[in-house]
Amino acid sequence: MKAWASKLAATIKAACPALLFTLVWFGLLASDSAAQYPDKPITLITPFAAGGSSDLTARVFTTYLSQYLGQPMLIKLVPGQAGQKGTLEATQATPDGYTLIFNDNFRDQLHQYTFLNDYYDTLEDLVAVARINYGQIAIIVRSDGLYQTWADLEADARARPGQVLFSHSGLWAALFVPAQQIMRALDLRFRMVPYRGGGPAKAALMAGDVSFSMAFPATIAADIEANTVRVLATAGTERTLEGVPSFVEIGLPPNAGYIHRIVLAPRGIPEDRLAVLRNAFADLQANEDYQAAMRQLGENTAYLDGAEYEADRIEHSLEFRDLVEAIAGTLRLQ
Amino acid sequence: MIESLLAGVDLALRVDTFIWISGGLLLGMLMGALPGFTTSMGMSVLVPISFLVGDPLIGIPFLIGVYKGGIYGGSVPAILISMPGTGASIATVFDGHALTKKGKSRKALEMSLFASAISDFLSDIFTLVMIIPVAAIVLGFGPPEIAAVMFLSLVIIAVTATGPVIKGLIMLCLGVWVGFVGADPFSAMARYSFGTSELYDGFHLIPILIGLFALPEIFNAVKEGDMPGSSVASFVGERLRLDELKNSLRTIFRSTLIGTGIGVIPGLGQPIAAMMGYIAAKNSSKHPETYGKGELDGVAGAEAANNAVNGPTLVPLLTLGIPGDAVTALLLGAFMMQGLRPGPTLLTSSGDIVFGILIAMVLANVLFVAIGYVTIPFFARVVTIKKSLLIPVTIMLAFAGTYLARGNPFDIVTLIGFGLIGIAARQAKFDVAPMVMGFILGRELEYTFGQTLALAGDNWIRFALTERIGMTAVVLATPVIGLLLGRRMAYFRKRALERENGDVL
């Protein structure tokens, strides 16, 4: 048998897989440039700890969003440094539309003014894809407590400055910031007691350790029903509960006490990809299962397109900066 | 209430519920056994499955299965390769891994399984029966009481550590100091972070655990080499005998009580329970000197206590809507997505479903034993691998597990750093357990103490003497308890030493 022929055959045999591999590889590359975005899973960074309400919200909308994107959206938990770690990672990600971040307005619009942060500026580094929803905080007291109305609480706080105890869920977070806004707007001083999250802050109120606290309606629905908790005021201009004044009625700024949950992309993402993402979130709103799941969680689905939300972002951010500058000097005393 | 309990029995006895619980248990055990993959991470990945099935009697028991399986699963790497996957299995390392080195890994794993399942079963029944009366007590434990309990725990851990009390104290203080690294919880000002953003958040528990417990073990194994005659890790060993389990029943019951008590109070958690269960077992033993050298009772004491925490953590969640930790926060979300709102009205509005879930939880423990028993041979076989293969695999698990925990490259540096500390501590005969517990508890103590100061305001004497008698009592009792325990331990050490000398002579 001709030696060269068998050698050739062997060479071809050996080369075949390599050739095939190369072809497939090139095929993939070609399809990558030609295919519709997205053609691989999208990573959603969430700078929250596992198990919080934000984590759960993210798990709900990513579950239903995949059918509109044609690709799954995978959650990557990057907790730490009060959310700065995850935010930093998102601002440094390649703006190719495959890395997004799910954040709240405090981490997105306030934190850059507070923790001596030189690493990023969210307003410049990130662009809003969609606002998922918002929540309006409520000022709560125990039903069997001293205060029947907000006026009672305010009068007591004025009579005993720095003596009325308030439990919050952590520095510069959803309960702490509105309380600071109240103190600033009404020239009051509460004694701020920190707890790890909204649950323990509520527990402190129920135990009678503190005089008042705040909570989002979903977390106190059962308590209102059982008449163990009384709501004194809710955020916003309009009343959301019958007979309970709004924040504006008691003399607070209209934007105080809101949490916004937002999906953002690194700025520099191609316009067409941003449009694909924004459309997917817009289409998601018509999904009955998504709506039902969010209702079960007690969350609304007050969606806002990213382009519209951008203006709000800047406005709220300036308000937060004012607040931080005004109270930064007083914080150490509490 | 009795009617809804009976209705709950009806609801719980469903084949599909038990199939899902089994799946949850198996997944939980696998995740728990994977170092770095914590129970809460596993559960948060699986939450969507629980709400997609759309039936509270499937979705929630499934997650509870993951929870139970995960806390037990953590003991597997702790026993086999001295790698506690979570804080809950620190105390399991002491005797669990010593048993493996004696070639009794199967016995250790089976003891861990039975102790876990028995205590889980008993504490679940406690939860089911006592959920309403106990709920009233829970709120009595605020930050001041928790701070006092933390203080007491720290003292107990220091005086009962192996070796001289002074060494235990040094390691404890070192651990507390390591916990101070990072932003202080009240003003968010950085401490000991050297201006780096990595240290701003402080050290993470997983690399410290793996570094202090597993790396020194690997180092030792490498140093000893693969001697053909001493291939200790080449057989799995015998099964657990019934009389051995019977001997440990007292310990299991004691640890169940400890774990249940700790579980009811939101904010204490499995690591303290396991440690206290272990210490109590050691302290009440007739031969405490065998603890830490491969004592089955030690495994039982730790594992029974950490699993006993699981059920009772549901009490504050279901009756008050207050989640005590990440796992119960996830369960809170899972309940809400099924249309059940944990809180004061839950038991009156949907008592039958809640009792159904609780009854399913009690019965799940039977499956727990069965599934655990089937998987043990697979797990136990891990150590039959040749040392030259087992060591690289263990190193890989240590590093991969550390990275997996939160995907932060800096944690690898932390792992190596604490590995070196662990190796040095072992050479100098310092026990690393007080250091880890100091790290875990020191942070909590600082936080709860700060909260206490904020609550007390200026007039703290009045606060301590009139409003928080419980806290004051615990704080005053702590030195007494510490002194008594320390003396007892010193006596045991002396006796053990005399006995050793007696043997020699």
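Guide: The account below begins with the aromatic rings and then turns to the other chain. The model is a predicted one. Over all chains, the structure holds 18 aromatic pairs. One of these joins A:Phe48 and A:Phe102, whose ring centres are 6.1 Å apart and whose planes stand at 65 degrees; planes over 60 degrees apart count as edge-to-face, so this pair is edge-to-face. A:Phe48 belongs to the loop between β1 (42-46) and α2 (53-69) of chain A, whereas A:Phe102 belongs to strand β3 (residues 99-104) of chain A, so the pair ties together parts that are 54 residues apart in sequence. A:Phe48 has a relative accessible area of 8% and is therefore buried. A:Phe102 likewise counts as buried, its relative accessibility being 0%.

A:Phe102 also takes part in an edge-to-face pair with A:Phe61, with 5.1 Å from centre to centre and 70 degrees between the planes. Here too distant parts of the chain are linked, since A:Phe61 is in helix α2 of chain A and A:Phe102 is in strand β3 of chain A, 41 residues apart. A:Phe61 and A:Phe102 are both buried. Ring pairs join A:Phe48, A:Phe61, A:Phe102 and A:Phe281 into a cluster.

Of the 334 residues in chain A, 52% are buried. Among the contacts in chain A with a separation of 6 or more, 78% are between residues 24 or more positions apart.

In chain B, the packing of two helices may be described next. Two packed helices are described by the angle between their axes and the distance between the axes. For helix α1 (residues 2-12) of chain B and helix α17 (residues 351-381) of chain B, the angle is about 55 degrees and the axes are 7 Å apart. That angle makes α1(B) oblique to α17(B). The crossing of α1(B) past α17(B) is right-handed. On the side of α1(B), the residues that meet α17(B) are B:Ser4, B:Leu5, B:Ala7, B:Gly8, B:Val9, B:Leu11 and B:Ala12. Their counterparts in α17(B) are B:Gly351, B:Asp352, B:Ile353, B:Phe355, B:Gly356, B:Ile359 and B:Ala360. By class, the residues of this contact comprise 9 nonpolar, 4 polar and 1 charged.

Individual residues of chain B complete the picture. B:Asn307, in helix α13 (residues 296-308) of chain B, has a relative accessible area of 0% and is therefore buried. With neighbours within four places in sequence left aside, B:Asn307 is in contact with B:Lys68, B:Ile71, B:Tyr72, B:Ser116, B:Ser119, B:Asp120, B:Ser123 and B:Phe368. B:Glu110 is found in helix α7 (residues 105-138) of chain B, and a relative accessible area of 1% makes B:Glu110 buried. Not counting residues up to four places away in sequence, B:Glu110 touches B:Arg239, B:Leu240, B:Tyr373 and B:Ile376.

B:Pro479 lies in helix α22 (residues 469-504) of chain B. Its relative accessible area is 52%, and exposed means over 50%, so B:Pro479 is exposed. Between B:Pro479 and B:Ser89, 390 residues apart along the chain, the C-alpha atoms are separated by 28 Å.

Key:
Residues numbered from 1 in each chain as written. Chains lettered and ligands numbered in written order. Predicted model: local features only at pLDDT ≥ 70, side-chain atom pairs only at ≥ 80, totals over all residues. Heavy atoms only, no water. Axes fitted to C-alpha atoms, helices over the stretch in contact; angles between N-to-C directions. Helix = DSSP H or I, 4+ residues; strand = E, 2+ residues; numbered from the N terminus. Parallel < 35°, antiparallel > 145°, perpendicular 65-115°, else oblique. Left-handed = near helix turned anticlockwise from the far one by under 90°. Contact = heavy atoms within 4.5 Å. Nonpolar A, V, L, I, M, F, W, Y, C, P; charged D, E, K, R; others polar. Phe/Tyr/Trp six-rings, centres within 6.5 Å; stacked < 30°, edge-to-face > 60°. Buried < 20%, exposed > 50% of the residue type's maximum accessible area, 1.4 Å probe, protein only.
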